[in-house]
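Please find below a short note for a colleague who is meeting this structure for the first time. The sequence and the model are shown here, before the comments.

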Amino acid sequence: MEYEGVISRYRQWMDLPGSMPVISLQEGNTPLIPVPRLAGELGGGFDLWVKFEGMNPTGSFKDRGMTVAISEAASRSVRAVICASTGNTAASAAAYAARAGMRALVIIPEGKVAAGKLAGAVAYGAEVVQIEGSFDDALSLVVALSEKYPIALVNSLNPYRLEGQKTAAFEICDRLGSAPDWLCLPVGNAGNITSYWMGFRQYDARRGSGLPQILGVQAAGSAPLVLGHPVDRPETVATAIRIGRPARGEQALQAAEESRGRIIAVSDEEILSMQRRLAQNGVWVEPASAAGLAGLAHEIQAGRFDPNGRRIVAVCTGHGLKDPEIIAKSMPKPRVMPATQSALEEVCLRAAGGD
Ligand SMILES: *Cc1c(COP(=O)(O)O)cnc(C)c1O
């Protein structure tokens, strides 16, 4: 049967309105890529996969939830949707709203959204407003506005977002035949960790697929769940998790505790270094997406995590193309050479190992 997106594939596992049009871009069904060389570099003796959510239609996992949130809004004949965003929610809301013939209004923190995300939101035709404030300010504002006007909130406070996002847990269990031993993922507003935990528990209750332990990872400059209090001025290169007051923070802590996992923080250097290592394995992700694996590496190195014999899945939440500027900053620029064979022959020799 042809693949038609997460709603048609997992509808019977979702709590949805009785009748609802399906607004889909065939999101989900993303690759689960084995990365044995990376596992070896981290000490070896375990199986490691990357769930590459950057392969969704707008380049992040947000599409799994957005298809459901927008479909539900369409079932109520809503004409417009609103969200606060660090970028990926904006691009996703804009695309699915366009697909549904709705207007999208997205509120972003000024100067803190990666170029590829902002371009997406604009290309899909959203009305984009930058505010002189943080993501957390933007979220409070859109919550208040959505209560006052007939405009649907599509942040992950919207429970239909979680209904869609939990399908990633189903896909992992379907592929591996059961839940992995550990799941590592970045944590920002904490909708995704909450969704995965919902999904794994639901599958386990009906299918006996087992439960993973969850390692949630925040950026050190933006780690309210590790510090135990909100962060007023969160800072990190991983802009998708630059959030000081996670809307689902309580549920994230609960997921970590119930799964006998934990939430930790890693530095921006660790995040960028893992972004490079992943790219060396052919998987280019945006910085935030490398945080889960950076956390795993951090824990193994500190001797707090024995991976031996485990099956570990790291969720890579968004595509590297979203944030090209970070590469321009952290990697050397391509050289310019004369357009002659003799000039290029020297380069060929070196590449071929002749040196
Ligand atoms: C949204 C997002 C996150 C954080 O997910 P939460 O549900 O907010 O915790 C991480 N990485 C990327 C690429 C994202 O777009």
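1. Basis of the note. This is a predicted model, in which local features need pLDDT of at least 70, side-chain atom pairs count only at pLDDT 80 or more, and totals for chains, interfaces and linings use all residues. Residues are numbered from 1 along each chain as its sequence is written, and side-chain values use heavy atoms, with hydrogens and water left out.

2. Surroundings of the ligand. The ligand is surrounded by 17 residues, the closest being K62, N88, N189, N192 and T317; a residue is counted if one of its heavy atoms lies within 4 Å of the ligand. This shell is made up of seven nonpolar, eight polar and two charged residues. In this division Ala, Val, Leu, Ile, Met, Phe, Trp, Tyr, Cys and Pro are nonpolar, Asp, Glu, Lys and Arg are charged, and the others, Gly among them, are polar.

3. Atom pairs at the ligand. An oxygen atom of the ligand lies 2.7 Å from a polar side-chain atom of N88. For N192, a polar backbone atom is 2.8 Å from an oxygen atom of the ligand. T317 places a polar side-chain atom 2.7 Å from a nitrogen atom of the ligand. The protein buries 97% of the 380 Å² that the ligand exposes when taken alone; these areas come from the Shrake-Rupley method with a 1.4 Å probe.

4. Buried arginine. R64 belongs to helix α3, residues 62-75 (a helix is a DSSP run of H or I, at least four residues; a strand is a run of E, at least two; both are numbered from the N terminus). Because its relative accessible area is 1%, R64 counts as buried (buried means under 20%, exposed over 50%, partly exposed in between, with a 1.4 Å probe and protein chains only). The side chains of R64 and E53 are joined by a polar contact of 2.6 Å (a pair of N or O atoms within 3.5 Å; within protein, one must be able to donate a hydrogen and the other to accept it, and residues adjacent in sequence count only if both atoms are side-chain atoms).

5. Positive phi in two loops. N29, although not a glycine, has a positive phi of about 55°. This residue lies in the loop between α1 (6-10) and β1 (32-34), and N29 is partly exposed because its relative accessibility is 44%. R260 is likewise not a glycine and has a positive phi of about 60°. The loop that holds R260 runs between α11 (249-258) and β9 (262-266); with a relative accessible area of 61%, R260 is exposed.
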